[in-house]
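I opened a notebook for this structure and wrote down what I looked up, entry by entry. The sequence and the model come first.

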Amino acid sequence: MKFLIINGPNLNMLGIREPSIYGRQDFAALLKLCGDTCDEAGIEYETFQSNHEGDIVDKIQQAYGVFDGIVINPAAYTHTSVAILDALKAVGIPTAEVHISDINTREEFRKFSYVSLAAKFTIAGHGLDGYREAILRLKDLIEAN
Ligand code: DQA
C-alpha cells in the first residue's frame, strides 16, 4: 500500500507559526511522525508540501494509478479550493483530511471545507497525532474494501 501525504500552505512554518494554535513541534517532527507511522504500518509513502494551489492540483493528478491513499491537510485551501476538491474527485483515490486545529471551533470562515466533500473522513483538532490517526484509519478503510 502506498500513501501520498500532502501538506498545504504555511504548514512548513510549524513550530514558528502561531504556536498557541499549532503547537511547538516543527514540520520536520511532523514528517518524522508520518514516516514512523507508515513504516510501522508497512505503508510506503511520499510526502509533499506546497504553498501553491496549482502545484497541489498537479501532485494529486500525478497520484492517479500510483498511490492507494491520500492524506491531506490542505491548510487555508481547505476553505477556498474547488480546484483541489475537483482534483481529488477526478483521481478518485481514497482520501483522509487532517487539520491540526479544530476548524469547527475557530473563525466562521474555517468551518466550511471543500475537501471534506471528497474525503472519506476528517480528523480535526487532534494536533499532529491526527496525522497518525488518519494514516492508520485510511489503511483500515482501504483494506476493508
Ligand atoms: C489548518 C486549519 C486551516 O484553517 C488553516 O488555514 C491552516 C491549518 C490546520 O491544520 O488546523 O493553515 O488546516
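Is C38 buried or exposed? I found C38 buried, with a relative accessible area of 0%. Buried means under 20% relative accessible area, exposed over 50%, and partly exposed in between, with a 1.4 Å probe and protein chains only.

**Entry: ground rules**

I am working with a predicted model, in which local features need pLDDT of at least 70 and side-chain atom pairs count only at pLDDT 80 or more, while totals for chains, interfaces and linings use all residues. Residues are numbered from 1 along each chain as its sequence is written, and side-chain values use heavy atoms, with hydrogens and water left out.

**Entry: cysteines**

I looked for disulfides, meaning pairs of cysteine sulfur atoms within 2.5 Å, and the structure holds zero. C34 is in no disulfide, and its nearest cysteine sulfur, that of C38, is 6.7 Å away. That distance is too far for a bond. C34 counts as buried at 0% relative accessibility.

**Entry: the sheet**

I took helices (H or I, at least four residues) and strands (E, at least two) as DSSP runs, numbered from the N terminus. Two strands pair if DSSP finds at least two bridges between them. Five strands form an open sheet in the order β2-β1-β3-β4-β5, with parallel pairing. Which strands are at the edges? They are β2 and β5, each of which pairs on one side only. I noted an average twist of 15° from one strand to the next.

β1 and β3 (residues 69-73) run parallel and are joined by five bridges. In this pairing I6 stands opposite I72 of β3.

**Entry: helices against the sheet**

I read angles from 0 to 180 degrees between N-to-C directions, with axes as lines fitted to C-alpha atoms, for helices over the stretch in contact. Contact means heavy atoms within 4.5 Å. α2 lies across β1 and β2 and runs at about 160° to β2. α3 lies across β1, β2 and β3, and runs at about 160° to β2.

**Entry: nonpolar cores**

A nonpolar core is a set of buried Ala, Val, Leu, Ile, Met, Phe, Trp, Tyr and Cys residues joined through side-chain atoms within 4.5 Å. I found 25 residues in the largest one, and L14, V71, Y131 and I135 have the most contacts inside it. At least two of its residues come from each of β1 (2-7), α2 (27-41), β4 (95-99), β5 (121-124) and α5 (129-144). Which element gives the most to this core? I noted α2, with six residues.

I listed the contacts of V71, leaving aside its neighbours within four places in sequence: F3, L4, I5, I6, A96, V98, A134, I135 and L138. Another core, of 16 residues, lies apart from the largest one and has I56, I72, A87 and V91 among its members.

N7 is in strand β1 and is buried, with a relative accessible area of 1%. Leaving aside neighbours within four places in sequence, I found N7 in contact with F27, L30, F48, Q49, S50, N73 and Y131.

L88 lies in helix α4 (residues 82-91) and counts as buried at 3% relative accessibility. With neighbours within four places in sequence left aside, the contacts of L88 are I60, I70, I93, T95, V115 and A118. I also noted that the C-alpha atoms of L88 and Q61 are separated by 7.9 Å, the two residues being 27 residues apart along the chain.

**Entry: salt bridges**

I counted a salt bridge where a side-chain nitrogen of Lys or Arg is within 4 Å of a carboxyl oxygen of Asp or Glu. How many does the structure hold? It holds seven salt bridges.

One of them is between the side chains of E46 and K59, at 2.6 Å from N to O. This pair links distant parts of the chain, E46 in strand β2 (residues 44-49) and K59 in helix α3 (residues 53-62), 13 residues apart. E46 is partly exposed, at 30% relative accessible area, whereas K59 is buried, at 16%.

In R106 and E107, which form a salt bridge, the closest N and O atoms are 3.8 Å apart. E107 is partly exposed, with a relative accessible area of 34%. K111 and E108 form a salt bridge too, with the closest N and O atoms 2.6 Å apart. K111 is partly exposed, at 37% relative accessible area, and E108 is exposed, at 61%.
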